[in-house]
Amino acid sequence: MNITIENIVLIGSLLLLISILVGKTSFKFGIPTLLLFLTIGMLAGSEGLGGIYFDNPQIAQFIGIVSLNFILFSGGLDTSWSTVKPVLRVGLALSTFGVLLTALGLGYFVFLVTDFTIYESLLLGAIVSSTDAAAVFSILRGKNLALKKNLRPTLELESGSNDPMAYVLTIAFLGMVVEPEKSLWSLLPLFFMQMAIGAGAGFLFGKISKWVINNIRLDFEGLYPVLVIALMFITYSTTDAIGGNGFLAIYLCSVYLGNQNLIHKKTILGMFDGLAWLMQIVLFLTLGLLVFPSQIIPYIGIGLLISIFLIFVARPLAVFVSLLPFKMKLQRRFYISWVGLRGAVPIVFATYPLLAGIDKANIIFNIVFFISVSSVLLQGTTLGKVASWLGVGLPEEKKLSHPTDVLKANHPKAAMKEMLISEACPSVGKKIVDLKFPKNSIIALIERDGKYIMPNDTSVIHADDKLVILADSGENLEEVSMALQKS
């Protein structure tokens, strides 16, 4: 069956519905949902039951880039700076030096066991060098794995921030395959330019986006997530246009926004959470449709060999070397090594050689696809068991709430206080969103001129207002008082 304008909506909606229904029961059998989405795409493809013919790497790459924008942005919004700050150096070491070592180590192994040239081997190593944000976020948060202090933030920070490094290495080694006369040292200027511009643009657009969100006056609350989507794509495309790494920019931009007070932040977070899941499903379905299972079969042997080396040798060595400067228990290092999930990102990156038209592009794509599937199948299904074996998991009753979950939840507040705003109070004339309130405190009501007002983030504080404050404890009420006086 060929995809046409007339049937694309029907086909897409049916595949989406099947994916959601199948994914609902997947964890009962310990199977990651993303693997099922990929399988459904393959079954619907030209060599499966659906017979849908799809062989367009360019469209698949476009869908992949758009999907990764949403997945990385959503992951960044959910990243709490207070939990990331203690592990920032560890996460950055893994997402830069760790990715580089993985690419070089695996690339050299591929060179030894195949007939690939050294640059083709390094290209394959670069493509699968990063842990996949979609896989890590969905499995860790979907299974709600409870891990000991700082381990989960480390894994999420690494997976969310290492795609830019893998992207730069992929583009660089692809260029050397196309032009072998290039020097290996020519990679350095490209790397530093991409990272520096990407990081600078991410923070700059984060600040600009915060100002736009909190100062533009939209009539409908539902338009705010749409505004953020527009800002997300502007951040990515502008950074890419000026020679920076767009993936790094949108991740840093979203981390900044996720830790700021934003108008209708709960609505924005909820919307992006749903969109991230939608994009993960669409991405894996598309990649499943793109692959031809019959073309993978001849490479299962070499694919399995490379996958085993990556999981049990290249990734652990890269992690252990990267973490040498840091004090960390051996069990934690082993677990970080095990959570080296490969998923959709390597498959998306594998479309770049296809579009470049290099000789072994199809072989690289099929090997990468097999590596991703085997990684999610082996590592993704055993994260809980390995955490238990290594003693890095927490008992069920000690699971820690994710900061974003706390924000989204409507927990009843245990403490209440009325506060009268004087004319001299620094908060007069400011919006609630600008008051830097503790996240577990809210202004429930405002009494003004004998009338009660239900405030929102855009409500402005007036002199002589009486605020009804709800908080989790008396200590939080004291923090609220200080915030009002310091604003």
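**Entry 1. Helices H6 and H19**

I began with a helix pair and recorded that H6 passes H19 in a right-handed crossing; a crossing is right-handed if the near helix is turned clockwise from the far one by less than a right angle, and left-handed if anticlockwise. The model is predicted, so I noted that local features need pLDDT of at least 70 and side-chain atom pairs count only at pLDDT 80 or more, while totals for chains, interfaces and linings use all residues. Residues are numbered from 1 along each chain as its sequence is written, and side-chain values use heavy atoms, with hydrogens and water left out.

I then looked up the geometry: helix H6 (residues 118-127) and helix H19 (residues 361-378) have axes that come within 11 Å and cross at roughly 35°. Axes are lines fitted to C-alpha atoms, for helices over the stretch in contact, and angles run from 0 to 180 degrees between N-to-C directions. Helices (H or I, at least four residues) and strands (E, at least two) are DSSP runs, numbered from the N terminus.

From H6, I listed Glu120, Leu123, Leu124 and Ile127, which meet Ile364, Ile367, Val368 and Ile371 of H19; contact means heavy atoms within 4.5 Å. The contact of H6 with H19 has seven nonpolar residues, one charged and no polar. Here Ala, Val, Leu, Ile, Met, Phe, Trp, Tyr, Cys and Pro count as nonpolar, Asp, Glu, Lys and Arg as charged, and the others, Gly among them, as polar. The spacing of such residues recalled a general point: an α-helix has 3.6 residues a turn, so residues three or four places apart point the same way.

I also checked Ser121, which lies in helix H6. Ser121 is buried, with a relative accessible area of 0%; buried means under 20% relative accessible area, exposed over 50%, and partly exposed in between (1.4 Å probe, protein chains only). Not counting residues up to four places away in sequence, Ser121 touches Gly107, Val110, Phe111, Thr114 and Phe116.

**Entry 2. Helices H11 and H13**

At what angle do H11 and H13 pack? I found about 65° between helix H11 (residues 223-241) and helix H13 (residues 265-290), with their axes 9 Å apart. Their crossing is right-handed. I recorded Tyr224, Pro225, Val228, Ile229 and Met232 on the H11 side, and Thr267, Ile268, Met271, Phe272 and Leu275 on the H13 side. These residues divide into nine nonpolar, one polar and no charged.

**Entry 3. Positive phi values**

I noted as background that most residues other than glycine have a negative phi. His264 has a phi near 55°, a positive value in a residue other than glycine. I placed His264 in the loop between helix H12 (246-258) and H13, and found that His264 is buried at 14% relative accessible area. Asp449 likewise has a positive phi, near 55°, and lies in the loop between strand S2 (441-448) and strand S3 (451-453). Is Asp449 buried or exposed? I recorded Asp449 as exposed, at 75% relative accessibility.

**Entry 4. Second largest cavity**

On a 1 Å grid over the protein atoms alone, a cavity is a set of points where a 1.4 Å probe fits but cannot get out, and lining residues have an atom within 4 Å of a point. Grid points are joined across faces, edges and corners, and a volume is the space filled by probe spheres set on the points.

The second largest cavity holds about 40 Å³. Its lining includes Leu34, Phe284, Gly343 and Ser372. Helix H2 (33-44) and H19 are the elements that give two or more residues to this lining. By class, I noted seven nonpolar, two polar and no charged residues.

Asp78 lies in the loop between helix H3 (57-77) and helix H4 (81-84), and counts as buried at 9% relative accessibility. Pro180 lies in the loop between helix H9 (163-178) and helix H10 (187-215), and is partly exposed at 48%. Pro180 and Tyr119 are 61 residues apart in sequence and 7.8 Å apart in space, C-alpha to C-alpha.

Technical notes: On a 1 Å grid over the protein atoms alone, a cavity is a set of points where a 1.4 Å probe fits but cannot get out, and a pocket is an open set with protein on both sides within 12 Å along at least five of seven lines; lining residues have an atom within 4 Å of a point.
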